[in-house]
Amino acid sequence: MAKGITRDRIVAAALDLLDEKGIDAVTVRALAARLDVKAPALYWHVRDKQELLDEMSTVVHRRVARALAQSPSGTDWRAASATFARALRAEYLLHRDGARTFSGARITDPEVLRTLEPWLARLIADGFDLAGATDAVDLVTAFVVGFVIEEQERRQSAEADQTRYSLAERDAWLGEDMPLVREAGYVRDEGDRRFERHLALLLDGLAAQLGK
């Protein structure tokens, strides 16, 4: 076993590599080179890339869990769900390809999952059954993942090609017979305002299921 190599150090280096070059560059060979060890030395700590991604995701979701745990005890289901959504988005945005990398990973720390208990309890106390509460958690999570994947891909591709989303070029391409599609390009916003509006629509839909 290489001296000084720990699982925490491997995960930290993998997150740095992700931020610099993106998920496709996170390989065992590249990570070993960054840590100045031979690739087999890493297998003492992580069996394969999937286990590495699980550990990376757990680090990120541990911070999300802390944000959710800090919600006041009297917070209702809607406020708790919004807190989770905002914290998850913020953490994903901290890392290049964050949503694409961390969604669907297996959490390796039971303390992270423990944070779900009071959130589910709030949902149930406010009228959801357990199946409905689980659906609500899954829907909020899926919304954030999809939103941030789109957000990050648009941002990163626009950085590579500043004309990629040119509305003038799009208008010329579309022609004159699609006025609504053309106008839609100008009313579309980005970032926090769009996220909050879409999140509110989702939570309104969940509230409608309860008649609230």
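# Helix contacts, aromatic pairs and local backbone features

Trp77, Ala80, Ser81 and Phe84 in helix 5 meet Trp119, Arg122 and Leu123 in helix 8. By class, the residues of this contact split into five nonpolar, one polar and one charged. The model is predicted. Trp77 also pairs with another aromatic residue, Phe128. Aromatic pairs number six.

**Helix 5 against helix 8**

- Two packed helices are described by the angle between their axes and the distance between the axes.
- For helix 5 and helix 8, the axes come within 9 Å. They cross at roughly 145 degrees.
- The crossing of helix 5 past helix 8 is left-handed.
- Helix 5 contributes Trp77, Ala80, Ser81 and Phe84 to the contact. Helix 8 contributes Trp119, Arg122 and Leu123.

**Aromatic pairs**

- The count of aromatic pairs is six. One of them joins Trp77 and Phe128 in an edge-to-face arrangement. Their ring centres are 5.2 Å apart, with 75 degrees between the planes. An angle over 60 degrees counts as edge-to-face, so this pair falls in that class.
- Trp77 lies in helix 5 (residues 77-93). Phe128 lies in the loop between helix 8 (116-125) and helix 9 (130-160). The two are 51 residues apart, and the pair links distant parts of the chain.
- Trp77 and Phe128 are both buried.
- Phe143 and Phe195 form a stacked pair. The centre-to-centre distance is 5.4 Å and the planes are 25 degrees apart. Planes under 30 degrees apart count as stacked, so the label follows from the angle.
- This pair, too, links distant parts of the chain. Phe143 is in helix 9 and Phe195 in helix 12 (residues 191-210), 52 residues apart.
- Phe143 has 17% relative accessibility and so counts as buried. Phe195 has a relative accessible area of 1%, so Phe195 is buried. The cut-off for buried is under 20%.
- Phe143, Phe147 and Phe195 make up one aromatic cluster.

**Charges over rings**

- Arg154 lies over the face of Tyr165. The distance to the ring centre is 4.1 Å.

**Positive phi at two aspartates**

- Asp36 is not a glycine, yet has a positive phi of about 60 degrees. Its place is the loop between helix 2 (28-35) and helix 3 (39-42).
- Asp36 has a relative accessible area of 71%, so Asp36 is exposed.
- Asp97 is not a glycine either, and has a positive phi of about 55 degrees. Asp97 sits in the loop between helix 5 and helix 6 (98-102).
- At 5% relative accessibility, Asp97 counts as buried.

**Glu51 in helix 4**

- Glu51 is placed in helix 4 (residues 49-69). Its relative accessibility is 11%, so Glu51 counts as buried.
- Leaving out residues up to four places away in sequence, Glu51 touches Arg7, His45 and Val46.
- Glu51 and Ala168 are 117 residues apart along the chain. Their C-alpha atoms are separated by 45 Å.

Conventions: Residues numbered from 1 in each chain as written. Predicted model: local features only at pLDDT ≥ 70, side-chain atom pairs only at ≥ 80, totals over all residues. Heavy atoms only, no water. Phe/Tyr/Trp six-rings, centres within 6.5 Å; stacked < 30°, edge-to-face > 60°. Helix = DSSP H or I, 4+ residues; strand = E, 2+ residues; numbered from the N terminus. Buried < 20%, exposed > 50% of the residue type's maximum accessible area, 1.4 Å probe, protein only. Lys NZ or Arg CZ within 6 Å of the ring centre and 35° of its normal. Axes fitted to C-alpha atoms, helices over the stretch in contact; angles between N-to-C directions. Left-handed = near helix turned anticlockwise from the far one by under 90°. Contact = heavy atoms within 4.5 Å. Nonpolar A, V, L, I, M, F, W, Y, C, P; charged D, E, K, R; others polar.
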